[in-house]
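Student: Could we go through this structure together, one question at a time? I would like to learn how its parts meet.

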Amino acid sequence: MTPLAPVNFEIGPGSTPATAAPVDTRPALIEVQDVSKMFGDRGAEALAMLAAGEDRAAVLARTGTAVGLNHVSFDVAEGEILVVMGLSGSGKSTMLRCLNRLIEPSSGTIRVRGADVTAMAPGVLREFRRKTFGMVFQHFALFPHRTILGNVEFGLEVQGMAKPARRDSAMRAIELVGLKGWDARYPSELSGGMKQRAGLARALAADAAVLLMDEAFSALDPLIRRDMQQELVELQRRLRKTIVFVSHDLDEAIALGGRIVLMKDGAIAQAGTAEAILANPATPYVARFVEHIDVASVLKVGTLTAVPPCVLRPGDDPAAAADRMEAMGCDSALAINAAGRLLGRADLSALRRVPAGQGVDRAVQPCARVPASASVKQALPVVAEEAEPVAVVDDADRLRGTIDRVGIINALARQSRRPAQEATAP
Amino acid sequence: MNWSVPRIPLDDWCDAALDWLTTALSDVTRAVSHTVSDWIAALTALLQLVPPPVVILAFGLLAWRVSGWRLAIGTMLGFALLWNLRLWDPMITTLVMVVLSTAASIAIGLPLGIAAALSARTWRIVAPTMDMAQTMPSFVYLIPAIPFFGLGPVSACFATVIFAMPPTIRLTALGILQVPSEMTEAADSFGTTRMQKLFKVQLPLALPTIMAGINQTIMLSLSMVVIAAMIGAGGLGREVWSAIQRLEAGRGFQAGVAIAVLAIILDRITQQVSRRVQPR
């Protein structure tokens, strides 16, 4: 009959942001192991120098060989969007092209569904490219001499599919990307955004398991780019494609919402979710990279929750609860049902007015709430409106904790302070 | 001058090689000579049989199809002038030789150009050979042509093909090599075979450049066919040649104008064709 807290639902460790990336239990579709790529004639020598601990500059000076990739390893889970990030020259595009061997890796292995791509004979590789990979290019790379339909059906045509069947599949892909009615046009008649839709349709038409997207939206206007990012996320949710997306734009990586592999000088600087990287940059370089990021749009509300001091549960006696709240200095308390679902909020004065023998639910009023998956930016308007800490709920509307203005300001201050300090450190 | 280094007998070697080739290949060259001269004769006779107005109209239609009424009218006026100058038959002879030489140049040059673009080794052999073929004075080809095929239009065509083929080879190779790497990469990423990539992506994108090469080949053919009058090729070149020999300036100028008119018509029509194959 007594305790208001502790409560029987799980609440994160106060307002400390989560640091560890959620453990991905999905099976790995692509396994990249120790892949290196040397551009030059003396690749073997360069590899040996790297193994001996020399850096890229030394290798280039001695052997004239540029290190494109330096022992890169990562996994891509089935159905995820993995963003490979980095500045130009970081090796991100090289890495992407190694996956389908448009660029031949110098060493290491790449497995897709367990099959070793690096060991494939040309004929096998060709078949594998047809069935497994769809690629989207930065400058669209649409064939100017073919119509949009002709472009989209290209992959199927190459596979030797009969004309009516491949027309059908291509038209479906064209519809999927919202280009219906444009199939008979030529690429030169389309705007940049539409061209890239066509590029996307071409990659989707063959129904390959993996989409390789090389800076696919970088050549588009910012507004169109944002639309395309959203649409890609929706498409991915619908089609369950595995996407490896190369980008130099951290905002884009955050918008796509998947894991991030951050590359520098041909090696991985850090891998994890945007939040995790932002919260704990592994190196000063990473810290500088994420410095300008709008923390509010990355930080999830769920990582900033505080344990509410007073929570009403079914069966609590209104008078006893009110006494308790008074003792703890609470003017109101959130109420949950037996399953932990948020019912609403009860004011102290309302609790006092509940006639004896009746439950606390008589005093409960509906209240504002924000989903734990929302970004701080999305939650801000709600939090600003409310005088009391706002309830944070999960997908099933279960109470996860509360969030208030002070907690948000503290978190933002902490995030924006950290990279600046590390960047200026010697 | 007193030479201590003996002269390299390049001319003797060349003669010996030519002698050997002429005897060794005499059966082949004779057969080729007969066939080609029969073709030339038949085609020429056929075209000369057709009344000039019909031919003029046909060319006018072709020009109208590939370009428009301006080129059509220009073409018909040009041919009408040639007819009026009583140069119709020589013009037909020249035209037939140009068409045959160009056809042969394309038949040999296009595959060579493709091979040169796709294999660096082939390019290393083909490129210097082409450079030599083009920089060598064109008359030089006429001399060995005679022992092979005798005096007449066959030798003229042989020399013409050697002289006029390089642009087709060179621009075919260039056109394929100039296809943006993004295009070939896209083709590769969809798992094309080498042939699929060539025929579905590289050749269509290289077509405007290839057509520019063919246009040049036609122009070079025309100039060579005129020069080949010196070994009895006939046609408009013979008009010029005999005018030179008799110092008839007026007649020479008239034949020169006729050649220029034919050249301009052929050039404009093929240029329009290459513009039409431009990818959008």
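Tutor: Gladly! Contact means heavy atoms within 4.5 Å. Keep in mind that this is a predicted model, where local features need pLDDT of at least 70, side-chain atom pairs count only at pLDDT 80 or more, and totals for chains, interfaces and linings use all residues. Residues are numbered from 1 along each chain as its sequence is written, chains are lettered from A and ligands numbered from 1 in the order in which they are written, and side-chain values use heavy atoms, with hydrogens and water left out.

Student: How many residues of domain 1 of chain A are in contact with domain 2 of chain A?

Tutor: Domain bounds come from an automatic or database domain assignment. Here domain 1 of chain A covers 76–298 and domain 2 covers 302–410. Their centres, taken over C-alpha atoms, are 44 Å apart. On the domain 2 side four residues take part, and on the domain 1 side the number is also four.

Student: What area is buried between these two domains of chain A?

Tutor: Buried area is the accessible area (1.4 Å probe) that two parts lose on being put together, summed over both. Carbon and sulfur atoms give 56% of it for this pair of domains. The total is about 300 Å².

Student: And what area do chain A and chain B bury between them?

Tutor: The contact involves 26 residues of chain A and 18 residues of chain B. Of the area buried there, 64% is on carbon and sulfur atoms. The total for chain A and chain B is about 2000 Å².

Student: Which residues of chain A lose the most area to chain B?

Tutor: Three residues stand out, together making up 23% of what the chain A side buries. They are A:Pro144, A:His145 and A:Phe154.

Student: Which residue of chain A meets B:Glu185 in a salt bridge?

Tutor: A salt bridge is a side-chain nitrogen of Lys or Arg within 4 Å of a carboxyl oxygen of Asp or Glu. The count between chain A and chain B is two. In the one with B:Glu185, N and O are 2.6 Å apart. The partner is A:Arg97.

Student: How many salt bridges does the rule find between domain 1 and domain 2 of chain A?

Tutor: Let us apply that rule to the domains. Between chain A and chain B it gave two. Across the interface of domain 1 and domain 2 of chain A, the number is zero.
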